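Work through the exercises below with the sequence and the coordinates at hand. Each task is followed by a solution in steps.

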Amino acid sequence: EMNDWGGELEGYAFTYAASGIFTLDTTLAAGPYNFKIADADWADDSTVGAATGDGTVVLGEGKTLVLPGDDNLFIEVSEEKSFHFTLDASTPSAPVLTVE
């Protein structure tokens with residue numbers, strides 16, 4: 001929902017840091033957001049999301065994701081501000097997302 005589920009990644013593309021770590025810094029307006037993490041083509045086998053029924057992301061807490069991810073992730077933003085997303089994919093079968 002952050003980019004209206006479109007292919008436009010401007011402002012929402014992760015950058016590779018090193019050793020399987022990807023980061024994203026972006027500003028989000030207040031509100032609820034459903035989202036997934038995917039490559040630019042939204043290929044079914046590369047979409048990372050939540051295990052069924054377990055999509056809530058808590059600020060400051062690591063969230064283990066599944067690949068392919070069937071369910072959306074969900075985050076509630078209380079006020080507009082900048083957020084730092086870290087995706088630790090050093091263990092590809094269990095990537096971990098942290099949002100601060």
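Two strands count as paired if DSSP finds at least two bridges between them; helices (H or I, at least four residues) and strands (E, at least two) are DSSP runs, numbered from the N terminus. The model is predicted, so local features need pLDDT of at least 70 and side-chain atom pairs count only at pLDDT 80 or more, while totals for chains, interfaces and linings use all residues. Residues are numbered from 1 along each chain as its sequence is written, and side-chain values use heavy atoms, with hydrogens and water left out.

**Exercise 1. Strands**

Task: list the secondary structure, then find the bridge partner of Tyr33 in S5.

Solution. 
1. The chain has 0 helices and 7 strands, in the sequence order β-β-β-β-β-β-β.
2. S3 and S5 pair in the antiparallel sense, over 5 bridges.
3. Within S5, Tyr33 has Ile75 as its bridge partner.
4. In a regular strand, side chains alternate between the two faces of the sheet.
5. Strand S5 (residues 73–77) has Leu73, Ile75 and Val77 on its covered face, and Phe74 and Glu76 on the uncovered one.

**Exercise 2. Aromatic pairs**

Task: classify the ring pair of Phe35 and Phe85.

Solution. 
1. A pair of aromatic rings is described by the distance of the centres and the angle of the planes.
2. Rings of Phe, Tyr and Trp (its six-membered ring) pair if their centres lie within 6.5 Å; planes under 30 degrees apart are stacked, over 60 edge-to-face, and the rest tilted.
3. This rule gives 3 aromatic pairs.
4. For Phe35 and Phe85 the ring centres are 6.2 Å apart and the planes stand at 85°, so the pair is edge-to-face.
5. Phe35 belongs to strand S3 (residues 31–35) and Phe85 to strand S6 (residues 81–88); the pair links distant parts of the chain, 50 residues apart.
6. Phe14, Phe35 and Phe85 form one aromatic cluster.

**Exercise 3. Burial**

Task: decide whether Phe35, Phe85 and Thr26 are buried or exposed.

Solution. 
1. Buried means under 20% relative accessible area, exposed over 50%, and partly exposed in between (1.4 Å probe, protein chains only).
2. Phe35 and Phe85 are both buried.
3. Thr26, in strand S2 (residues 21–28), has 9% relative accessibility and therefore counts as buried.
4. Contact means heavy atoms within 4.5 Å. Neighbours within four places in sequence aside, Thr26 touches Gly11, Tyr12, Lys81, Ser82, Phe83 and Phe85.
5. Over the chain, buried residues make up 31% of the 100 residues.

**Exercise 4. Salt bridge**

Solution. 
1. The criterion is a side-chain nitrogen of Lys or Arg within 4 Å of a carboxyl oxygen of Asp or Glu.
2. The count is 1 salt bridge.

**Exercise 5. Overall dimensions**

Task: compare the radius of gyration with that of a compact globule.

Solution. 
1. The radius is taken over C-alpha atoms, and the globule rule is 2.2 Å times the number of residues to the power 0.38.
2. For 100 residues a compact globule would be near 13 Å; the chain has 12 Å, which agrees.
3. The C-alpha atoms fill a box of roughly 35 × 30 × 25 Å along the principal axes.
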